[in-house]
Amino acid sequence: MASAVVRVAGRRLSQQSASGAPVLLRQMFEPKSCTYTYLLGDRESREAVLIDPVLETAHRDAQLVKELGLKLLYAVNTHCHADHITGTGVLRSLLPGCQSVISRLSGAQADLHIGEGDSIRFGRFALETRASPGHTPGCVTFVLNDQSMAFTGDALLIRGCGRTDFQQGCAKTLYHSVHEKIFTLPGNCLIYPAHDYHGLTVSTVEEERTLNPRLTLSCEEFIKVMDNLNLPKPQQIDIAVPANMRCGVQTPPS
């Protein structure tokens, strides 16, 4: 079962086939936690991957997969979320054959565990896994094989970043993760975060390298800012984290 997730060593696949068909991408929004869910698919093989699904919108996601005639191979989480329950467990029930995926460093249950350099393949495409801890120890960023887009989870947000004051977060680690694993991508690489609270949908590596008010600081200044955010605890953290450690709710809600 784990053979579909393999290491890619020095080999880059093209984002387009010989016929020029680009990857299929749909960005969806869950308003309560302001979470973005991403559906990526191969238009030829119809194989697909879903990134950061939410329990409350799992039925919506499954319906879209069916409407587009896709076969969902993997429901993937960028990390163990604290602000919502993942939809991976429900999607495994709604779409037989779908497997849940998360970083092995998250400590959470899943059908498949991944780490730095692992590749999630769907048809002609692949998502490279880049470990980007700091918000949590198990955070990862997924980079499309031609480096045209990156799905950064909570590590890098548009003009912001994930908090580091719970779930074993570390501001210094997050700073180095973003600068070494994300800001080293091409400047025109599109950044798709797990959340946005201001109505923005996408950024680029170059924009965030030059305009992100936190991550343009020195590491020392960044740590001071992160240590003094004084944010309230996420409303769902006490139910979300335990559920997400078990791959979310396993049966569809009535």
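Arg159 sits in the loop that joins strand 12 (156-157) to strand 13 (160-161). Helices (H or I, at least four residues) and strands (E, at least two) are DSSP runs, numbered from the N terminus. The model is a predicted one: local features need pLDDT of at least 70, side-chain atom pairs count only at pLDDT 80 or more, and totals for chains, interfaces and linings use all residues. Residues are numbered from 1 along each chain as its sequence is written, and side-chain values use heavy atoms, with hydrogens and water left out.

The phi of Arg159 is positive, near 60°, in a residue other than glycine. Most residues other than glycine have a negative phi. Arg159 counts as partly exposed because its relative accessibility is 31%. Here buried means under 20% relative accessible area, exposed means over 50%, and partly exposed lies in between (1.4 Å probe, protein chains only). Gln167 is not a glycine either, yet its phi is positive at about 50°. Gln167 lies in the loop between strand 13 and helix 3.

Helix 3 covers residues 171-182 and has 12 residues. From its first C-alpha to its last, helix 3 reaches 16 Å, close to the 16 Å expected at 1.5 Å a residue. The expected span is 1.5 Å times one less than the number of residues in the helix. The buried residues of helix 3 are Ala171, Leu174, Tyr175, Ser177, Val178 and Ile182. They lie on the same side of helix 3, because they cover an arc of only 160° around the axis. The arc is that of the directions from the helix axis to the C-beta atoms. An α-helix has 3.6 residues a turn, so residues three or four places apart point the same way.

Helix 1 (residues 58-67) has Ala58, Asp61, Ala62, Leu64 and Val65 as its buried residues. Seen down the axis of helix 1, these buried residues fall within an arc of 160°, so they line one face of the helix. Lys66 and Glu67 are exposed on the other side of helix 1. The buried residues of helix 1 pack against strand 2 (24-30), strand 3 (35-41), strand 4 (47-51), strand 5 (71-76) and helix 2 (88-94). Contact means heavy atoms within 4.5 Å. Gly69 follows helix 1 and has a positive phi, near 70°.

In helix 5 (residues 219-227), the buried residues are Cys219, Phe222 and Met226. They are on the same side of helix 5, because they cover an arc of only 60° around the axis. The cover over the buried residues of helix 5 includes strand 13 and helix 3. On the other side of helix 5, Glu220, Lys224 and Asp227 are exposed. Lys224 has a relative accessible area of 59% and is therefore exposed. The C-alpha atoms of Lys224 and Leu73 are separated by 42 Å, with the two residues 151 residues apart along the chain.

Leu190 belongs to strand 14 (residues 190-193). At 28% relative accessibility, Leu190 is partly exposed. Leu190 and Ser148 are 42 residues apart along the chain, but their C-alpha atoms are separated by 6.1 Å. Leaving aside residues up to four places away in sequence, Leu190 touches Ser148, Met149, Ala150, Val202, Ser203 and Thr204.

The structure holds seven aromatic pairs. Rings of Phe, Tyr and Trp (its six-membered ring) pair if their centres lie within 6.5 Å; planes under 30 degrees apart count as stacked, over 60 as edge-to-face and the rest as tilted. Ring pairs join Phe29, Tyr36, Tyr38, Phe151 and Tyr192 into a cluster.

A disulfide is a pair of cysteine sulfur atoms within 2.5 Å. By this rule the count is zero disulfides. Cys80 is in no disulfide, and its nearest cysteine sulfur, that of Cys139, is 9.6 Å away. Cys80 counts as buried, at 6% relative accessibility. The sulfur of Cys247 is 8.8 Å from the closest cysteine sulfur, in Cys98, and this is too far for a bond. Cys247 also counts as buried, at 7% relative accessibility.

An unreviewed UniProt entry places the feature "domain: Metallo-beta-lactamase" at residues 34-195. UniProt positions are given in the numbering used here, feature names are shortened, and annotations may be inferred rather than shown by experiment. The end C-alpha atoms of residues 34-195 lie 5 Å apart. This span is 18% helix and 35% strand.
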